[in-house]
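Biologist: I would like to learn how to read the strands and helices of a model. Please take me through one.

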Amino acid sequence: MSRGGSGLRERVCQSNLALVASGLVTETFGNVSGVDRAAGLFVIKPSGVPYEALTPANLVAVSLETGRVLDGDLRPSSDTATHLELYRAFPCGGIAHSHSAYATAFAQARRAVPCLGTTHADYFRGDVPVTRPLTREEVEQEYERHTGLVIVETFRTLRLSAEDVPGALVAHHGPFTWGVDPMAAVERARVLEYLALVACLTYHLDAHAPGPAAYLVDKHFRRKHGKDAYYGQPNGGA
Ligand SMILES: [Zn+2]
């Protein structure tokens with residue numbers, strides 16, 4: 001009897017395939033998970049299983065409390081402990097991770113993806129931050145767990161809301177994004193890659209291009225998110 005209802009397993013499977021279809025995955029770099037907080041578990045891609053062999057049944061259910069595998073013969077993704085720490089800290093329903101080229105380039109340069117325009121502000125209320133590098137001890141002991149913890153630390157240090165800025169770059173590694181469900185996390189992974197690409201082009205034209213005023217960023221973010229959102233309604237604009 002598999003844990004993690006069939007609905008969640010189906011959504012996580014579809015989201016992993018959507019990540020691949022988005023062109024964000026090279027080789028097997030990447031994974032998507034989804035959480036069922038009432039059941040106290042999340043479901044994640046198994047480690048080393050090719051995407052074409054992925055099925056709802058071979059996903060792995062992991063306890064939110066203990067981090068242990070709840071069922072199945074397969075080992076969960078090696079990034080499972082990172083997802084666990086993000087679920088513990090942030091009120092999200094799904095997490096996506098990839099090594100998509102432009103977002104990873106910013107991570108390797110240890111630069112935040114800067115908010116340079118309204119497309120960015122529609123999804124992220126400000127820069128998408130980059131973490132500090134992990135210490136030797138953090139890498140040598142519980143590396144994947146510390147990868148999650150350093151993202152959480154970055155949000156605390158910068159006083160960022162995980163709902164306002166649903167993504168981060170791990171220094172020298174790559175992007176993690178999250179959302180209300182696994183597919184929303186994948187959508188943000190796709191958008192973040194586009195934003196990183198466009199930021200590169202913008203800086204190519206003007207290495208000192210300034211970002212938009214805070215009032216324009218807030219306007220764009222608020223019309224799509226929160227209680228006063230109106231984007232997509234008959235009286236709203238595109
Ligand atoms: Zn990775």
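**Reading the sheet and its helices**

Modeller: Strands β5 and β6 run antiparallel and are joined by 4 bridges. In that pair, Ala168 has Phe176 of β6 as its bridge partner. This is a predicted model, in which local features need pLDDT of at least 70, side-chain atom pairs count only at pLDDT 80 or more, and totals for chains, interfaces and linings use all residues. Residues are numbered from 1 along each chain as its sequence is written.

Biologist: What is the order of the strands in the open sheet?

Modeller: Strands of a sheet pair through backbone hydrogen bonds, either parallel or antiparallel. Here two strands pair if DSSP finds at least two bridges between them. Helices (H or I, at least four residues) and strands (E, at least two) are DSSP runs, numbered from the N terminus. The open sheet has 6 strands in the order β3-β2-β1-β4-β6-β5, with antiparallel pairing. Its edge strands, β3 and β5 (167–170), each pair on one side only.

Biologist: Which strands does β4 pair with, and over how many bridges?

Modeller: Strand β1 (residues 30–36) pairs with β4 in the antiparallel sense over 5 bridges, and Gly34 has Gly94 of β4 as its bridge partner. Strand β6 (residues 174–179) is joined to β4 by 4 bridges, also antiparallel. Ile95 stands opposite Trp178 in β6.

Biologist: How many residues of β4 are buried?

Modeller: A residue is buried if 20 or more other C-beta atoms lie within 10 Å of its own, exposed if 12 or fewer, and partly exposed in between, with C-beta atoms placed from the backbone. In β4 (residues 94–98), 5 of the 5 residues are buried, so the strand is largely enclosed by the rest of the structure. Gly94, Ala96 and Ser98 are on one side, Ile95 and His97 on the other.

Biologist: At what angle do α3 and α7 pack?

Modeller: Two packed helices are described by the angle between their axes and the distance between the axes. Axes are lines fitted to C-alpha atoms, for helices over the stretch in contact, and angles run from 0 to 180 degrees between N-to-C directions. Helix α3 (residues 101–108) and helix α7 (residues 182–205) pack at about 65 degrees, with axes 7 Å apart. That makes α3 roughly perpendicular to α7 (under 35 degrees is roughly parallel, over 145 roughly antiparallel, 65 to 115 roughly perpendicular and the rest oblique).
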